Amino acid sequence: MGKKLLIVASKRYGDYVKEIAESMGCFEEISFVDNDRVDAIGKLEEVDTFYPDYMYAIAACDDGAERLEWNKRLEALYNIPVLAHMDSTVSPSAGLHSGCIVEPRAVVGCGSEIGFATVIGANSVVEPYCFIGDGCTFKSGTIVKTTSMVAMGTETEQGTVLFTSLDNGQ
């Protein structure tokens with residue numbers, strides 16, 4: 001049995017997440033579980049029934065809090081992967097927690113910690129030694145400056161620049 005991935009509660013973002021997962025080349029099958037998709041293999045209330053045929057699942061909700069809650073629910077049965085597009089750059093010393101999605105041409109710098117179920121948007125940059133909380137959503141072109149700390153659930157607009165010192169300005 002090969003690696004199969006369920007994309008759960010995906011709405012509009014699911015197709016993009018599927019393309020990111022496909023770019024990684026490590027899943028032999030990728031399917032949707034959602035109440036609103038005609039191509040879904042099941043409804044949200046049936047998500048538990050796909051285990052153990054599917055060993056991996058990830059929430060692809062637009063909303064960070066909802067994405068985080070779904071991933072917490074899914075981890076009772078499934079492995080929650082980190083998805084990083086093949087055209088992104090993630091430093092080997094960066095720590096990405098389960099449920100993170102790194103879109104194309106995004107960069108995650110050395111020593112940075114990215115919280116659970118956080119999305120790093122296309123062309124975004126998380127510079128070195130940042131701490132990003134759980135459930136954040138960085139839209140395309142976001143820049144998080146070196147040594148920043150970003151609170152849980154933060155959502156940016158395209159092109160936002162964030163800087164909040166880890167040392168509280170001292």
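The legends below describe close-up views of a predicted model.

**View 1. Helix H2 and the strands that cover its buried residues.**
Helix H2 spans residues 64-74. Its buried residues are Gly64, Arg67, Leu68, Trp70, Asn71 and Leu74. Seen down the axis of H2, these buried residues fall within an arc of 165°, so they line one face of the helix. The cover over the buried residues of H2 includes strand S1 (4-8), strand S3 (56-59), strand S10 (119-120) and strand S13 (137-138).

**View 2. The aromatic pair of Phe27 and Tyr56.**
The structure holds four aromatic pairs, and one of them is formed by Phe27 and Tyr56. The arrangement of these two rings is edge-to-face, with 5.8 Å from centre to centre and 75° between the planes. Phe27 belongs to the loop between helix H1 (14-24) and strand S2 (29-33), whereas Tyr56 belongs to strand S3, so the pair ties together parts that are 29 residues apart in sequence. Phe27 has a relative accessible area of 13% and is therefore buried, since buried means under 20%. The ring of Phe27 also has a charged neighbour: the charged end of Lys3 sits over this ring, 5.3 Å from its centre.

**View 3. The aromatic pair of Phe50 and Tyr54.**
The ring centres of Phe50 and Tyr54 are 6.3 Å apart. Their planes stand at 90°, so this pair is edge-to-face. Phe50 counts as buried at 15% relative accessibility. Tyr54 counts as buried too, at 3% relative accessibility.

**View 4. A cis peptide bond between Tyr51 and Pro52.**
Tyr51 and Pro52 are joined by a cis peptide bond, for which omega is about 10°. Pro52 is located in the loop between S2 and S3.

**View 5. The charged end of Arg37 over the ring of Phe32.**
In this view, a charge sits over an aromatic ring. The distance from the charged end of Arg37 to the centre of the Phe32 ring is 3.7 Å.

**View 6. The salt bridge of Lys4 and Asp53 and its network.**
The structure holds eight salt bridges. One of them joins the side chains of Lys4 and Asp53, at 3.1 Å from N to O. Lys4 lies in strand S1 and Asp53 in the loop between S2 and S3, so the pair ties together parts that are 49 residues apart in sequence. Lys4 is buried, with 12% relative accessibility, whereas Asp53 is partly exposed, with 37%. Together with Glu29, Lys4 and Asp53 are linked in a network of salt bridges.

**View 7. The salt bridge of Arg12 and Asp62.**
The side chains of Arg12 and Asp62 meet in a salt bridge of 2.9 Å, N to O. This pair links distant parts of the chain, 50 residues apart: Arg12 is in the loop between S1 and H1, and Asp62 is in the loop between S3 and H2. Arg12 counts as exposed at 69% relative accessibility. Asp62 is partly exposed, and its relative accessible area is 31%.

**View 8. The salt bridge of Lys139 and Glu157.**
The closest N and O atoms of Lys139 and Glu157 are 3.8 Å apart, and the two residues form a salt bridge. Lys139 lies in the loop between S13 and strand S14 (143-144) and Glu157 in the loop between strand S15 (149-150) and strand S16 (161-162), so the pair ties together parts that are 18 residues apart in sequence. Lys139 is partly exposed, with a relative accessible area of 26%. Glu157 also counts as partly exposed, at 48% relative accessibility.

**View 9. The surroundings of Leu5.**
Leu5 lies in strand S1 and counts as buried, at 0% relative accessibility. Leaving aside residues up to four places away in sequence, Leu5 touches residues including Ala21, Phe27, Tyr54, Tyr56, Pro81 and Leu83. The C-alpha atoms of Leu5 and Asp53 are separated by 9.6 Å, although these residues are 48 apart along the chain.

**View 10. Positive phi values at Arg105 and Thr147.**
Arg105, a residue other than glycine, has a positive phi near 65°. Arg105 lies in the loop between strand S7 (101-102) and strand S8 (107-108). Thr147 is not a glycine either, and its phi is positive at about 65°. Thr147 is found in the loop between S14 and S15 and counts as partly exposed, at 30% relative accessibility.

Definitions and conventions
Residues are numbered from 1 along each chain as its sequence is written. This is a predicted model: local features need pLDDT of at least 70, side-chain atom pairs count only at pLDDT 80 or more; totals for chains, interfaces and linings use all residues. Side-chain values use heavy atoms; hydrogens and water are left out. Buried means under 20% relative accessible area, exposed over 50%, partly exposed in between (1.4 Å probe, protein chains only). Helices (H or I, at least four residues) and strands (E, at least two) are DSSP runs, numbered from the N terminus. The arc is that of the directions from the helix axis to the C-beta atoms. Contact means heavy atoms within 4.5 Å. Rings of Phe, Tyr and Trp (its six-membered ring) pair if their centres lie within 6.5 Å; planes under 30 degrees apart count as stacked, over 60 as edge-to-face and the rest as tilted. A charge sits over a ring if NZ of Lys or CZ of Arg is within 6 Å of the ring centre and within 35 degrees of the ring normal. A salt bridge is a side-chain nitrogen of Lys or Arg within 4 Å of a carboxyl oxygen of Asp or Glu.
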